[in-house]
Structure formats: C-alpha cells, structure tokens
Amino acid sequence: MKKCKYCDLLVKTDRATCPLCLNPLSEDDGVQEERGYPKRQSRPLDKKSLFYRAVVFFCLGSTAVSVLVNLLTRGEDGPFWFPFVAFGAFYAFMLFRTVVLKRSYVFRKLAVQLISASVLLWGVNHFATPQIDWAMGYAIPMLAFAMNLVLLILSLTARHLYREGFGAFFLSQLIGVVPFLLWMLGVDCFRAIPSFWAPLTSACLSLLVLLEAFTISGRTTKEEFKKRFHF
Amino acid sequence: MKGWSDLDNAAKIFPCTSNEERRNLFGLYFYLTEPVDPALLAEALENTIERFKVFKVRLRTGIFWYYLEENRRMPEVFPESPYLLSPIEPYANNGYLFRVSYFENKIGLEVFHSLTDGYGAMQFLKALVYTYLRLCGHEIDPEGLIRGESESVFEEYQDSFQKLYDAGVKVDTSEKRACLISGTRYEDGWLGVICGSVPKDAFKKVITEYDCSYTQFLTAALTWSAARVPHLFRKTKKYPFQVFIPVDIRKRFETKTLRNFSMVVRTSILPDPKVSFADCVKLVKEQITEASKDEAFLPRVYGNIRSEKIFLLRIVPLFLKNIVMRAVYNRLSERANSFCLSNLGDPGIPTGMQKYIDRVIFSNGATHSAPINMGVTYYGGKVYMTMTSAIMERDLQKQFFRLLTGLGLPVTLETNDLETE
Ligand SMILES: [Zn+2]
C-alpha cells in the first residue's frame, strides 16, 4: 500500500505515481498485495481478420489485373477470358469466408457453397461454352440434388442441425427446384436447357424433402417457423 | 421456457446498437480468499447453468425480431483477459451472452445487457460462486439468499415490463440533451479501472449529515466534480450534466424475474463551479425524489413498451428496424446521458459464505458518448465505487475522490494498468 499525500488517499499499486494526480507516491509499506487485474499486454493481433483482408485483396486484385490485361492485349476478335478469373475469385472468396473463416451453422455453410458453386458453374458455362446449357441442364441440378440429399440425411439424424440451419435448409430446397422451373418457363436468358431429366430429378427430391418437413417433421418445422416469423 | 423467447422490452435495443465502442456489457467480480481452481469453476458453471435455464440461451435473428433460443452447448470458463469487458464473440463462446473468467483468486462474470441486468447477473454469479465453494469442500448454509438452491420458477423467465404495461396511461418519450465527456481514447479498446473503497460506517456518517441516500450522495458528488472539469465537455458545455441511474424495480412490483427489469432516473444539473456541494446534494435529492414517483417514471417505461406494440413497427423486417432503432438511439437516447451511475447495493451473500469472499466489484461498461461510468457495491463493511473509463484523462475521477477525502472519508484506490507504454 502506498500513499498520495496530495490526494490524501491510499493506493494499492506497484505504480510510482498517484493514478489520479500523477504526483509521486510515498514508499511502499511493505505489505504484499495481490494483483487485482491481469497485467496489460498489447492486444493479440487478430490473425483471422488479417488473413481475411489478404484474401479480399487477392480476389479483387487478380480480377482487376485480369480485366486490365485482357482488355489491353485482346486482338480484334480475341476472347474475353477475365470473367473466368472473376468467377473463380468470387468462388474462392465465398469458400474461404464460409468454410474457413466464419464459424457458422453447418447447413448455412453448405447452402452458401451450393449457391456460390452454382454461380461459378453458370459463369463458366456462359462464357466458355455458350452453345450448350450444361450448367443449368446437368451440373447445377445434380449438385443441388446431392446437397439436398445430404441435408435430408443430416436433418433426420441430427435434429439440432435442422433446427439451427432451418433457413438455409429451405433455401437449398428452393434452389433444387429452380432449374426445373426455368426449363418449364423456357426463360430466354437461359435458352433451352438440353434435357429435363436432371432438373426434374432435383425438383422431385426437393419437393419430397419439403413434404417430409411439413409432415413427418411437421412439429419441429412449425415451431421453427414460429420462432423466425413471430412479430 | 418453451425452447425460445422474445427479448424483454429493455433488451431489444442492445443487439442493434452494439459495436466495438458501445459494447453494452457489464461485469461483476468476486475476489475470493483463495486462488481459483479453473477445473472446479468449470464444473460449478455446468451445474449452475442447468438451474439458470433463463441464461442458457443464445441470441438468434428472426425475420421480424431477435429471439433467445435454448443453447444446447455448455458454457466454458476463460482466463481473465487484461482487456476488461472485451466484446463477447458469439462463436468463440458457444453462443453464450455471458463470459465467466478467472484470474488468481478472482471470478468474473461479464454479461451482455440483452440477457439480464445487474441484479439478474448477481443472482447467477452468487449461485455460481456458492456452487464453486461447495465443490471446494466448504459447507455453506444458503440462508435463502442463493437462487440456485430453490426451484426455478416460471416467473424468472418473465418479461415483467409486459405485466406492468397499462395502455391507458399517457406516455413520455422526450429526451433532453446532456453535456458529453470527451477525451483521448485508449487505442485498442482498453478500459481503465479505478476502484475506490471507503468504510461503510464512515460513509454512513457523512450521508446522514447530508440527509440523503448513497446514490443521491454519489450523484451529487459526480455532478459537483463535473462542474470542475469543464475542459472534458468541449462543445457540449452548455448542456446540463445528466446522470443516468438505473433503479431495480423488482421489489416495487413484486417480481422474481431474472431478465431486465429496471427503470431509469435521470438527474439534470448545469455544471456550475459556484454551486456548493451541499446545494448539489439538495438539488439531486429533489430531482431523484421527483423522478422516482410512479407518475414520473411509469410514462417513460410505458413509452418504451408502447413503441414495440405498434403494429406497423412490428411487421417491419428486422434489418430495417435495426436501422431505425440505431438512428433514434444515436440521436436521442445516447445524447441524453453524460454519465451512468449504477448502484447494485448489497449483493446479499450468506454469512457462512462471506469468510471465503474478500470483495465484490461491479464494473459498468463505457460507451462512446459516456466514456466514464461507475458501478457501486457494498460488501464486508465497505462501499466499492468502480469507475470504468475509455479515456485517458482522469480529472473527473480525481475531483470525485478528492471530494470524498476532503469530507474526511478514508479512500483506498485500486487500479488496473492505466498507462500505455
Ligand atoms: Zn494523488
């Protein structure tokens, strides 16, 4: 214990000066005091956030450079290849963000993967082989099918995953229906999807899963809906 | 709890207004007489959380509101960080809205305000320390003061504000601007702590002399000190110094709820160095007595409850609500408080348990607009006044403690590391 004669009070400290008036404190009375607070250290560097910023820089940088190089070096009728880099960078970023960085719910991670992989596939398809719509016709519905099968099995075996990732679960089922809807509507921007088997299979599974959610798992589903939509 | 619940009325504002500078956290710390065993503390926490199901929750985002959902994971204990009240990362903490820490012989509980208020947190920490001491092999009679020993009652989960609400009463949502303390902030979110303790008998004598309560005395002392540090107020000098004083109203409305249930009294006095301390006490006493009357504070509480009952507001999606609430909060509520003084009073610790506990400290977190705040507890014949500060200037603290010593009160200070190297 030390004393500040200017403030007229005792200070339990190893400081040399009074914490209030900054005048020198009297000599210690020798009684050993335990520390009330951990010693100050500089705040540990947030490695994750540093790494995150590096990844953002890398993704944006590679896209920007490829746009520039592509536009400057492209001949009269040369190809535009920068979209591949851009889609790749976007996918790499999403992959990093959800899988590595954010400790999120399992279902949400999977749904984000499904969405970003679909965007990547669609982009590559659109710019590399625009003659045939293999992404919407096969790749995306098959991917959605596989993902939704996994989600169904997980949701039935680990109930808490379903409860946590409820929103992502439904979003993923909706994505499973999209290619089939586009085929049915014959939307222009997607041109004709070559075959409807893959989109149909994926849509059927999604519909069955949704049916399951509202019948067999009806109680949990109702409860989760109530939580999320209560006002 | 039916697996999930709405945030209580007072808690709704915190998730959307929280950020690095306004963490909406507060901390309670028990200093034991022997070093803490982390393994036993973890075991005690696992036992205690099962009894306090109301805190065994995590915060989730719905379409229209946030909600609290039962947390299936177990809370963990952490070594205390030198960075007091550092933000609680949901994923790093298994989703819990509180953090239990240990350091030498100290057990700390830092809580996000959406979960509960000081009273609720104190009940939890008391039960935790009680369970811990029992695990250490000490036989203690709970004397009916430890919630953990009684059965959990439905009332603990209740949002008592809703019970209180009377739609017929006229509401009051006006806020007056206050002068705001500004200074040089610690760089890395550091909070400086200066805790002063004064023997309670000596203190009692002084407040009897001034014929006021502890809270009234402390508010007056702060107002008096604020008048002597005009350089801390810069541009807002012309506004009154307004002390925000949360008051626990559980006794008044006979409820056992463990969620937020307090009202706010606010004093408003222009800082004037010519006003004597005795006059300050008189002014504060008048204002607090006036503001504590039902007809003065109920309209304010009702005002908050009413805004959450407006149908059009309820059906607005949460992200839009957040934008609106943040804007309103920044413009009105935050500008209305110069300083927050929270007096938890006597924690009510069983006599048999007191010999294992040296002191009980309450740290009230700092915010952007009110960078210095104070938490008060009485324990073991002493009054502990803990000033937590996000700025390096310590003039207000100096004036405050010098006022106390000037009145003949023996003050002992304890601080964390205040200087940056
Ligand atoms: Zn001094």
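**Exercises on the domain interface of chain B**

Across the interface of domain 1 of chain B and domain 2 of chain B, 33 residue pairs are in polar contact, both residues being at pLDDT 80 or more; a polar contact is a pair of N or O atoms within 3.5 Å, where within protein one must be able to donate a hydrogen and the other to accept it, and residues adjacent in sequence count only if both atoms are side-chain atoms. This is a predicted model, in which local features need pLDDT of at least 70 and side-chain atom pairs count only at pLDDT 80 or more, while totals for chains, interfaces and linings use all residues. Residues are numbered from 1 along each chain as its sequence is written, and side-chain values use heavy atoms, with hydrogens and water left out.

**Exercise 1.** Locate the two domains of chain B and state how far apart their centres are.

*Solution.* Begin with the bounds, which come from an automatic or database domain assignment: domain 1 covers 4-164 and domain 2 covers 187-415. Then take the centres over C-alpha atoms, which are separated by 22 Å.

**Exercise 2.** Describe the area buried between domain 1 and domain 2 of chain B.

*Solution.* Buried area is the accessible area (1.4 Å probe) that two parts lose on being put together, summed over both. For these domains of chain B the value is about 5600 Å², with 59% of it on carbon and sulfur atoms. On the side of domain 1, Arg22(B), Tyr31(B) and Leu164(B) supply 13% of the area buried against domain 2, more than any other three residues.

**Exercise 3.** Find the salt-bridge partner of Arg22(B).

*Solution.* A salt bridge needs a side-chain nitrogen of Lys or Arg within 4 Å of a carboxyl oxygen of Asp or Glu. The side chain of Arg22(B) meets that of Glu334(B) at 2.5 Å, N to O, and the count between the two domains of chain B is two salt bridges.

Key: Chains are lettered from A and ligands numbered from 1 in the order in which they are written.
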